[in-house]
Amino acid sequence: MTTSNPFFEPSDLPYELPPFARIRNDHFLPALTRGMADQLAEVAAIGACAGPPTFENTVEALERSGAVLGRVCRVFSNKAASDTDEEIQALEIEITPRLAAHEDLLLLDSALFGRLDALHAQREQLGLDGEQLRLLERHHTLRVRAGARLAPEQQRRLRELNAHIAALCTEFDQNLRVATADAALVLDRAEELAGLPADQIAAAAENARALGHPGKFVLSLKNFSCQTELAALEDPALRERLLAASLGRGIDSNGPIAVTLARLRAERAALLGYPSHAAWEVADRTAGTTDAVEELLGRLVAPAVANAEREGAALAEAAGVAQIRAADWQYYSERVRKERYDLDAAALRPYLELETVLHDGVFHAAGLVYGITFTRRPDLVSYHPDAHVYEVHDADGSPLGLYIGDFHARESKRGGAWMNSLVVQSHLLGQRPVVVNNLNVAKPPPGEPVLLTWSEVNTLFHEFGHALHGLFSDVRYPLLSGTQVPRDFVEFPSQVNEVWADWPEVLAHYARHHLTGEPMPAELPARLREAENFGAGFRMVEHQAAAVLDWAWHTLSADGDVPGEDEVEAFEAAALERHGLAMAAIPPRYRTGYFAHIFNHGYAAGYYGYRWAEVLDADTVRWFRENGRSIRESGEIFRRELLAKGGSVDPLAAFRAVVGRDAEIGPLLARHGLTG
């Protein structure tokens, strides 16, 4: 067994791509178990090292530890998210608390912390370069924040809390997968889907077949509240059913878990000396304080609501009603856009075929801005037939890494869109990056084209921005590699990358009719940009409302103000009312029952980060447009000063190195037409 487990040795494939053809489910538990044991032994050896601590025998040694565990954890987490099954879900439940306990053993090891603490105290006299100093400070900070200075009894309780929180997060995610599947609408006749384009109706039929409902039509839910089909479905009763299914999922199974998680996180924060989980989280992010977050959120509410109210009035007039319903907002929004801007969102889709958007849009833009190229590697086996591997080369032809694109929805994949790293770039370990992008685009019948909505195009460019952050990483140490930056900064590069979706030179290159090859009519992009502003109020309100719900759950203190398990919906309503965002026609982008960002995926007290990062993003896009350099020259600066740095420098210093000053909020407000 020792020699047959593919995780026990580094992969001999290009870029150390995991040998997926050899990996079986029964490899995971032995590798996880051995990986944890190996790393604990390595850390014990560091702590017991004779002689005084040095950067090399303590910090670098720590960076070299955990090779087996790192390999298996990255593949296992990707498997659990992208292609799960009952075995994997059972193993998740078993292994998640063990991994949380293992992390505590690493972070709270007294001998190791003593050595790090001694080095940290004399860090300015050690002759370290900038990246080494940053690494030492990060390792020290992580342990102090994790409770390394707490008394033994406090650490015991902290370990209990961390294990319980980790187990509940896994349970939340697994419940959500079931709730989302159960909430899908199964329809008997194609006529019920009137208004949807023919290819989407065909995709619903294919979805039904794949889910065991041959001859029927299934609308599976996406992670967010307002399902994309609401913009086209002609039957108002079906729109109401679809939205109700979306908003109601997970409240029974995940509502009580959310309450418990909020209570446990508040207790943990208090144990660590913070008034709330939000205060603990934000102290290690670029925002720095809860006051800074609340100032940003508060500043955006009034203009967003004012714009949304104007939009709602226009929609109500178009619908001939006094007030627009939430289920009808998207439907009439499309009709107003048609009337005002002569733009039919459905008419864009034939020009947005997935493979063309990827190759002639996303990859082409990366070539224009950064000079990199992508070559399909069908000889390299991925973890699923839908996941395709590309080799990435730099402008000078040198190898850069691997990119894996996995874009289709399936029953074994969680909802949403994201980026994973299978191999983390590190000069210390001699590793180049292997990154994965996941989307959830409905799969049509075999042989049919995959036509995207404009929103899906933007999502593809967005997630590719995360991929570039991983691919361009150029650091020595794994802890500082790629996207390992503060949570309220990590969305910034990905949001910047969205600008290339409608950059004229890029859009003209990929927006071609999938049958005729004719380019998208020249007037459509201009209309699209105009129409985007109609809806800015809605988009900002739904995002702000979700951020407020996250903030409400995680600014709770441990002294008794956590709601009861049957008070989740009342808690949500009160939070929205308190922040001036209680608009019945605009539900939060995520509600508690399906808010996986904050209850499992690392964004607890961090959903505000999308808006925080967008301040940086909008200002950077203005810099790209107005700095007087070519796109290629600007791209090199952005790559060199920011994307390549990962977490090896202060992130806001990296921003200033690109733009030349601190960020301003004006470009963000202008982008969304939020003038109040």
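My entries below go from the whole chain down to single residues.

**Ground rules.** I'm working from a predicted model, where local features need pLDDT of at least 70, side-chain atom pairs count only at pLDDT 80 or more, and totals for chains, interfaces and linings use all residues. Residues are numbered from 1 along each chain as its sequence is written, and side-chain values use heavy atoms, with hydrogens and water left out.

**Whole chain.** I started with the overall shape. With 676 residues, a compact globule would have a radius of gyration near 26 Å, and the chain's 25 Å agrees with that. That radius is taken over C-alpha atoms, and the globule rule is 2.2 Å times the number of residues to the power 0.38. The C-alpha atoms fill a box of roughly 80 × 60 × 55 Å along the principal axes.

I then looked up the secondary structure and found 26 helices and 7 strands. These are DSSP runs numbered from the N terminus: helices are H or I with at least four residues, strands are E with at least two.

Next came burial. Of the 676 residues, 58% are buried (buried is under 20% relative accessible area, exposed over 50%, partly exposed in between, with a 1.4 Å probe and protein chains only). The chain exposes about 26,400 Å², and carbon and sulfur atoms supply 52% of that (areas by the Shrake-Rupley method with a 1.4 Å probe; for residues, only the protein chains shown count as cover).

I checked contacts too, meaning heavy atoms within 4.5 Å. Among contacts with a separation of 6 or more, 75% are between residues 24 or more positions apart.

**Helix 17.** Here I looked at residues 487-497. Helix 17 is largely enclosed by the rest of the structure, because 10 of its 11 residues are buried. Among the buried ones are Phe-489, Val-490, Phe-492 and Pro-493, along with Asp-488 and Glu-491. What do they pack against? I found helix 16 (454-471), helix 23 (609-626), helix 24 (631-641) and helix 25 (651-659).

**Strands 6 and 7.** Strand 6 (residues 418-423) has 5 of its 6 residues buried. Strand 6 pairs with strand 7 (residues 434-441) in the antiparallel sense over 5 bridges; pairing takes at least two DSSP bridges. Within that pair, Ser-421 stands opposite Val-435.

**Glu-391.** I picked this one out in strand 4 (residues 388-393). Is Glu-391 buried or exposed? Glu-391 is buried, at 12% relative accessible area. A polar contact of 2.8 Å joins its side chain to that of Arg-377 (N or O atoms within 3.5 Å; within protein, one must be able to donate a hydrogen and the other to accept it, and residues adjacent in sequence count only if both atoms are side-chain atoms). Leaving aside neighbours within four places in sequence, Glu-391 also touches residues including Tyr-15, Phe-374 and Leu-402.

**Cysteines.** I counted 0 disulfides, meaning pairs of cysteine sulfur atoms within 2.5 Å. Cys-49 is partly exposed at 28%, whereas Cys-226 is buried at 10%.

**Positive phi.** Most residues other than glycine have a negative phi. I noted Glu-16, whose phi is near 60°. Glu-16 sits in the segment before helix 1 (28-47) and is partly exposed at 23%. Ala-605 also has phi near 60°. Ala-605 lies in the loop between helix 22 (596-599) and helix 23, and is buried at 0% relative accessibility.
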